[in-house]
Amino acid sequence: MALRDLAELEFGATFLAALPGDPRRDNVPRAVPGAAYTEVMPTPVAAPRLLAWSEEIAERLGVARPAADSRALHILAGNALAPGMRPYAARYGGHQFGNWAGQLGDGRALTLGELVTPAGERQELQLKGAGPTPYSRYADGRAVLRSSLREFLCSEAMHALGVPSSRALSLVTTGEQVVRDMFYDGNPQPEPGAIVCRVAPSFIRFGNFEIHAALEENGLLRSLADHVIDTHFPGHGHESPRAYARWFEEVCRRTAVMIAHWMRVGFVHGVMNTDNMSILGLTIDYGPYGWLEGYDPSWTPNTTDAAGRRYCYGRQPQIGMWNLSRLAGALLPLVGDQELLQDGLERYRSTYAATWSAMLAAKLGLEALGREGDDALVEELFALLAAVETDMPIFFRGLSGMLEQPLADAQLSPPADAHLPPPVAQALYEGAVVDTALRERWVAWFKLWHARGAASGASASERRRRMDAVNPRYLPRNYLAQQAIDAATGGDPQPLVQLLAVLRRPYDEQPGYQSY
Ligand code: AMP
Ligand code: MG
């Protein structure tokens, strides 16, 4: 299928047509009561250059890679518009770190418009870092290359991992500098600026509903819900309180599935404020995210959350529930009856439990968990993973290698200096100390796991296939992203392109890329 020039595509704006906007057009920070958005133009940049392009999502959109200095490139930098584009910043609020924060809104993001793809899906194109909006509060509306590259890379990697996520089409450097305090040490430095064009059917957040509920803008609240249901939840109506409650239940279900996937791959979002929670159950707003290495449920990549650890790995499922409870509160005016919304929250709990259990089973090569002894098998594994300094993703990926190669006799009754079972040894951090008692527990666990797998009736190759399909071999770990950032900052996009190519197939062994 022929790809088309972005500058010649026709964009739509169903969100603008369905909802009332801000009557004011002046771009100064302010409260915007009674509106769902403000129409605002991106602020032009000096010298845009295409640093990276996602062929995959481009193909899905039917958009051709823009040439240097083309009109399409200028659209992706906020310097020009395609036909039908009416850029706007959405108004939303949110609970940040547990507290109601009032109006937030798109402070450095702008939706350009909606595109109907060749397959007939509606996708929104949004620029992140395109300049200030009425929602920028005290900040500049810009983004730096470092954070933009991380969002570009990770959202595409997440999609490839099978995790519901927004996508990224392009990464454009602006030719301008942005001043940021990179190490939060009071020494702000200029850094290269960049803009990501991200893509999702919608970027509507829990916070879009919360702001209307908080200010008792009930007509707006209803219009927003109706628009979201009509546009993004086909098959769900809004004819009655019960219909809204059923839709909320679906939002709960999707959120549970998304967070179970995060837990499966060891992703920690880092800032699960309700303004960063997509109503479609997509991972959005990639900030200080990170990947779990050693199994430490209290680990968080977010240095500003180091004291409270509200958004650490192990609390993500619980925070999902807390956030959905805030959304339920916002939807109460539409549903009237708290009890009806309770069904959705219960659905979250049951979906999360079932999905996580199925994923954990697959990670261990089993069809399902639930037999006698399975709880103990899982508990002991996580206790052991926590007790040794071992990299969790490497461990799980290595585990399938043990299927065809059961423990040797020497490992079953190891002398004091024998090695640990291979996947543990492989994943062990240099210098980690493992005493004899722990080693014996590991060996016992492996025996149990082998016996359980053999008793499951599935062949070793079947179990291996199951495991390798859910335990990724390649992840966009921070140090890899940093290498790509350093090279890109020096003008070389090649390491990013290479890394993304590997991350497109995260479950396949890719000889020559072991270093990733
Ligand atoms: P975040 O923590 O990135 O999800 O951002 C929370 C809120 O702050 C959102 O309303 C953002 O749009 C806004 N924000 C973050 N960074 C900037 C920035 N550089 N300029 C303007 N607004 C920003
Ligand atoms: Mg955000």
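This is a predicted model: local features need pLDDT of at least 70, side-chain atom pairs count only at pLDDT 80 or more; totals for chains, interfaces and linings use all residues.
Q: Why does Leu438 count as buried?
A: The relative accessibility of Leu438 is 12%, and buried means under 20%. The value falls under that limit, so Leu438 is called buried. Leu438 lies in helix 14, which spans residues 436-455.

Q: Which residues does Leu438 touch, not counting residues up to four places away in sequence?
A: They are Leu384, Ala387 and Val388. A contact requires heavy atoms within 4.5 Å. For Ala387, the C-alpha to C-alpha distance to Leu438 is 8.1 Å, and 51 residues separate the two in sequence.

Q: What makes the pair of Phe395 and Trp442 tilted?
A: A search of the whole structure finds 21 aromatic pairs. In the pair of Phe395 and Trp442, the ring centres are 5.5 Å apart and the planes are at 45 degrees. Rings pair if their centres lie within 6.5 Å; planes under 30 degrees apart are stacked and those over 60 are edge-to-face, with the rest tilted.

Q: Why can the pair of Phe395 and Trp442 be said to tie together parts that are apart in sequence?
A: Phe395 belongs to helix 11 (residues 392-399) and Trp442 to helix 14, so the pair joins parts that are 47 residues apart in sequence.

Q: How do you know whether Phe395 and Trp442 are buried or exposed?
A: Phe395 has a relative accessible area of 0%, and Trp442 is at 0% relative accessibility. Buried means under 20%, so Phe395 is buried and Trp442 is buried.

Q: Why is the pair of Trp442 and Trp445 given the class it has?
A: The ring centres of Trp442 and Trp445 are 6.2 Å apart and the planes are at 85 degrees. With centres within 6.5 Å the rings pair, and planes over 60 degrees apart count as edge-to-face. The pair of Trp442 and Trp445 is therefore edge-to-face. Both residues lie in helix 14, 3 residues apart, about one turn of the helix. Trp445 has a relative accessibility of 1% and so counts as buried.

Q: Which residues do ring pairs link into a cluster?
A: The cluster consists of Phe395, Phe396, Trp442, Trp445, Phe446 and Trp449, linked by ring pairs.

Q: What places the charged end of Arg310 relative to the ring of Trp322?
A: The charged end of Arg310 sits over the ring of Trp322, 4.5 Å from its centre. The distance limit for such a placement is 6 Å. Arg473 is likewise placed over the ring of Tyr474, with its charged end 5.1 Å from the centre.

Q: Which polar side-chain atoms lie 3.2 Å from a nitrogen atom of ligand 1?
A: One belongs to Asp140 and another to Arg180. A polar side-chain atom of Asn276 lies 2.9 Å from an oxygen atom of ligand 1. A polar contact needs N or O atoms within 3.5 Å. Taken alone, ligand 1 exposes 480 Å², of which the protein buries 80%. In total 17 residues surround ligand 1, and Gly105, Gly107, Arg137, Gly141 and Asn276 are the closest.

Q: Why is Gln123 called buried?
A: Its relative accessible area is 5%, under the limit of 20%, so Gln123 is buried. Gln123 is in strand 7 (residues 122-128). Leaving aside neighbours within four places in sequence, Gln123 is in contact with residues including Arg60, Leu61, Glu114 and Pro201.

Conventions:
Residues are numbered from 1 along each chain as its sequence is written. Chains are lettered from A and ligands numbered from 1 in the order in which they are written. Side-chain values use heavy atoms; hydrogens and water are left out. Helices (H or I, at least four residues) and strands (E, at least two) are DSSP runs, numbered from the N terminus. Buried means under 20% relative accessible area, exposed over 50%, partly exposed in between (1.4 Å probe, protein chains only). Rings of Phe, Tyr and Trp (its six-membered ring) pair if their centres lie within 6.5 Å; planes under 30 degrees apart count as stacked, over 60 as edge-to-face and the rest as tilted. A charge sits over a ring if NZ of Lys or CZ of Arg is within 6 Å of the ring centre and within 35 degrees of the ring normal. A residue is near a molecule or strand if one of its heavy atoms lies within 4 Å of it. A polar contact is a pair of N or O atoms within 3.5 Å; within protein, one must be able to donate a hydrogen and the other to accept it, and residues adjacent in sequence count only if both atoms are side-chain atoms. Accessible areas come from the Shrake-Rupley method with a 1.4 Å probe; for residues, only the protein chains shown count as cover.
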